[in-house]
Amino acid sequence: MVPDGESVEILQAISSETAQAIISRLETEPLTASDVAEAVDTSIQNVRYHLSRLSEAGLVEGVDTWYSEKGREMTVYALTTEELVVQFGSRDVRGR
């Protein structure tokens, strides 16, 4: 259950098609921002923007550091949860 006040931030973070594509791609394996950009066919700047928003919403986190062939540090991102359920209102998932 998402604490009150945080649901808006989460909904805003996942509202774009790009953010949804990033989440979908990270479901299969952790990746660097450049790998995500290639997988979802968008710029690395766009991916970094969405990863930042998803991270602020608590949906994505840096889980490792890899090094490029040139020796640059690259953060590896993964989802923080296996399942995201969006619920509106005060009823729980069982309809109470």
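Good morning. The mean pLDDT of the protein chain is 87, and 82% of its residues reach 70 or more. Please keep in mind throughout that this is a predicted model. Where pLDDT is low, the predicted coordinates should not be read in detail. Among the elements of the chain, the lowest mean pLDDT, 81, belongs to helix 1, residues 7-13. The highest, 97, belongs to strand 1, residues 31-32.

Let me begin with the overall layout. The protein chain holds 4 helices and 3 strands. Read from the N terminus, the order of the elements is α-α-β-α-α-β-β. Of the 96 residues in the chain, 22% are buried. The accessible surface of the chain amounts to about 6,900 Å², and carbon and sulfur atoms account for 45% of that surface. Among contacts with a separation of 6 or more, 47% are between residues 24 or more positions apart.

I turn now to the strands. Which strands pair with strand 3? Strand 3, residues 73-79, pairs with strand 1 in the antiparallel sense, over 2 bridges. Strand 3 also pairs with strand 2, residues 60-67, again in the antiparallel sense, and here there are 7 bridges.

Is Thr32 buried or exposed? The cut-off for a buried residue is a relative accessible area under 20%. Thr32 has a relative accessible area of 1%, and therefore it counts as buried. What does Thr32 touch, if we leave out residues up to four places away in sequence? The answer is Trp66, Met74, Thr75 and Val76. Thr32 and Gly62 are separated by 30 residues in sequence, and their C-alpha atoms are 9.0 Å apart in space. The side chain of Thr32 also takes part in polar contacts. One, of 3.2 Å, joins it to the side chain of Ser34. Another, of 3.1 Å, joins it to the side chain of Asp35.

That brings us to helix 3, residues 33-40. Which residues of helix 3 are buried? They are Ala33, Val36 and Ala37. Seen down the helix axis, these buried residues fall within an arc of 100°, and so they line one face of helix 3. What do the buried residues of helix 3 pack against? Their partners are helix 2, residues 17-26, strand 1, helix 4, residues 44-56, and strand 3. Just after helix 3 comes Asp41, which takes a positive phi of about 60°.

To close, let me return to two points. Strand 3 pairs with strand 1 and with strand 2. The buried residues of helix 3 pack against strand 1 and strand 3, among other elements. Thank you for your attention.

Note on methods
Residues numbered from 1 in each chain as written. Predicted model: local features only at pLDDT ≥ 70, side-chain atom pairs only at ≥ 80, totals over all residues. Heavy atoms only, no water. pLDDT = per-residue confidence, 0-100. Pairing = 2+ DSSP bridges. Buried < 20%, exposed > 50% of the residue type's maximum accessible area, 1.4 Å probe, protein only. Contact = heavy atoms within 4.5 Å. Polar contact = N/O pair within 3.5 Å; in protein donor to acceptor, adjacent residues only side chain to side chain. Arc of directions from axis to C-beta. Areas by Shrake-Rupley, 256 points an atom, 1.4 Å probe, with all protein chains shown as cover.
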